[in-house]
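Keep the picture open while you read, and look up each residue as we get to it.

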Amino acid sequence: MSTLTLAARDSSTMLRRNLLHARRYPSLTLNLLLTPIMLLLLFVYIFGDTLGAGLGGGRAEYIAYLVPGLLLMTIGSTVIGTAVSVSTDMSEGIIARFRTMAIHRGSVLVGHVIGSVIQSVASVVLVGLVGVAIGFRSTDATVVEWLAAFGLLALFALALTWIAVGMGLVSPTAEAASNNAMPLILLPLLSSAFVPVDAMPGWFQPIAEYQPFTPAIETLRGLLLGTGIGHNGWLAVAWCVGLAVLGYFWATAKFNKDPR
């Protein structure tokens, strides 16, 4: 078989391994899912009327504003599990075992990445269903906009996954990996996920605006609600591509160098 065929076969094997682990030990993924779901319910039912009034509406308007940001926050939360999984593999010696076997070297990371993207998309669907159950509707989005929204979510998941893999590789323990990956769930809290950037204090607005989550959230919000996107679309794609490339070279360089 050709090198490409071998790489595809071994990557498929590693993907099945990671999905099997996720199915047998779902507690980590479920625990990470609780954060965006609890924040969704908290902000809708406790603060929804007040924050919705600030948007010129009520709770229904705030649900429409909030859900796109929570969907992207779900991705940031889910990929923390990837960092933990990669670090666990490295510290427990299974990677050292794989290095002695006749498998494609990059298949280990590819299996983690594809498995994480699949889990992230499934988590987004679950949180989206919770949003629909409490009143979120996307009646103004066209089929093309829905497809674009799905593509953005998948691309964002791919970018954050590669960053999470790199974080897992540089972490000596699973606990350290979880701590190192915390910015992936903290950054959405500092973005436009919960309130518009214009409503924030002036000194804080650059922090919220110049980071990957805000343009991605504004783009997804525009696609799902049929509102304007402006320059956020290409900014979101640029952030995704840049983070994916950075994470890929960081992770592969560390993986090829690390003797663990």
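## Starting at Leu32

Our first stop is Leu32, which sits in helix H2, the stretch covering residues 27–45. One thing to keep in mind as you look around: this is a predicted model.

Is Leu32 buried or exposed? With a relative accessible area of 14%, Leu32 is buried, because the cut-off for that label is anything under 20%. Which residues does Leu32 touch, leaving out those up to four places away in sequence? They are Ser77, Thr78, Ile80 and Gly81. Take Thr78: it is 46 residues from Leu32 along the chain, yet the C-alpha atoms of the two are separated by 6.0 Å.

## Gly76 in helix H4

Now hop over to Gly76, which belongs to helix H4. Gly76 has a relative accessible area of 0%, so it counts as buried. Leaving aside residues up to four places away in sequence, Gly76 touches Leu160 and Leu184.

Gly76 and Ser171 are 95 residues apart along the chain, and their C-alpha atoms are separated by 18 Å.

## How H4 meets H11

Stay with H4, which spans residues 59–92, and look for helix H11, made of residues 213–225. The two pack at an angle of about 130 degrees, and their axes are 9 Å apart. That angle is why H4 is described as oblique to H11. As for handedness, H4 crosses H11 in a right-handed way.

Who makes the contact? From H4 come Ala64, Tyr65, Pro68, Gly69, Leu71, Leu72 and Met73. H11 brings Phe213, Ala216, Ile217, Glu218, Leu220, Arg221, Leu224 and Leu225. Sorted by class, the residues in this contact of H4 with H11 are twelve nonpolar, one polar and two charged.

## How H6 meets H7

Here's another helix pair to find. H6 runs over residues 107–133, and it packs against H7 at an angle of about 135 degrees, with the axes 9 Å apart. Because of that angle, H6 is oblique to H7. The crossing of H6 and H7 is right-handed.

On the H6 side, the contact involves Leu109, His112, Val113, Ser116, Val117, Ser120, Val121 and Val124. On the H7 side you'll find Phe150, Leu153, Ala154, Ala157, Leu158, Thr161, Trp162, Val165 and Leu169.

## A closer look at Thr161

Thr161 is worth a stop of its own. It lies in helix H7, which covers residues 143–170. Thr161 is buried, since its relative accessible area is 0%.

Setting aside residues up to four places away in sequence, Thr161 touches Val79, Thr82, His112, Val113, Ser116 and Val117. Among these, His112, Val113, Ser116 and Val117 also turn up on the H6 side of the contact of H6 with H7.

## What the record says

Finally, let's check UniProt. Its unreviewed entry lists "transmembrane region" for residues 25–47, 62–87, 108–134, 146–170, 182–204 and 233–251.

How do two of those spans look in the model? Residues 182–204 are 17% helix and 0% strand, with the end C-alpha atoms 20 Å apart. Residues 233–251, on the other hand, are 100% helix and 0% strand, and the end C-alpha atoms lie 27 Å apart.

Methods
Residues are numbered from 1 along each chain as its sequence is written. This is a predicted model: local features need pLDDT of at least 70, side-chain atom pairs count only at pLDDT 80 or more; totals for chains, interfaces and linings use all residues. Side-chain values use heavy atoms; hydrogens and water are left out. Axes are lines fitted to C-alpha atoms, for helices over the stretch in contact, and angles run from 0 to 180 degrees between N-to-C directions. Helices (H or I, at least four residues) and strands (E, at least two) are DSSP runs, numbered from the N terminus. Angles under 35 degrees count as roughly parallel, over 145 as roughly antiparallel, 65 to 115 as roughly perpendicular and the rest as oblique. A crossing is left-handed if the near helix is turned anticlockwise from the far one by less than a right angle, and right-handed if clockwise. Contact means heavy atoms within 4.5 Å. Ala, Val, Leu, Ile, Met, Phe, Trp, Tyr, Cys and Pro count as nonpolar, Asp, Glu, Lys and Arg as charged, and the others, Gly among them, as polar. Buried means under 20% relative accessible area, exposed over 50%, partly exposed in between (1.4 Å probe, protein chains only). UniProt positions are given in the numbering used here, feature names are shortened, and annotations may be inferred rather than shown by experiment.
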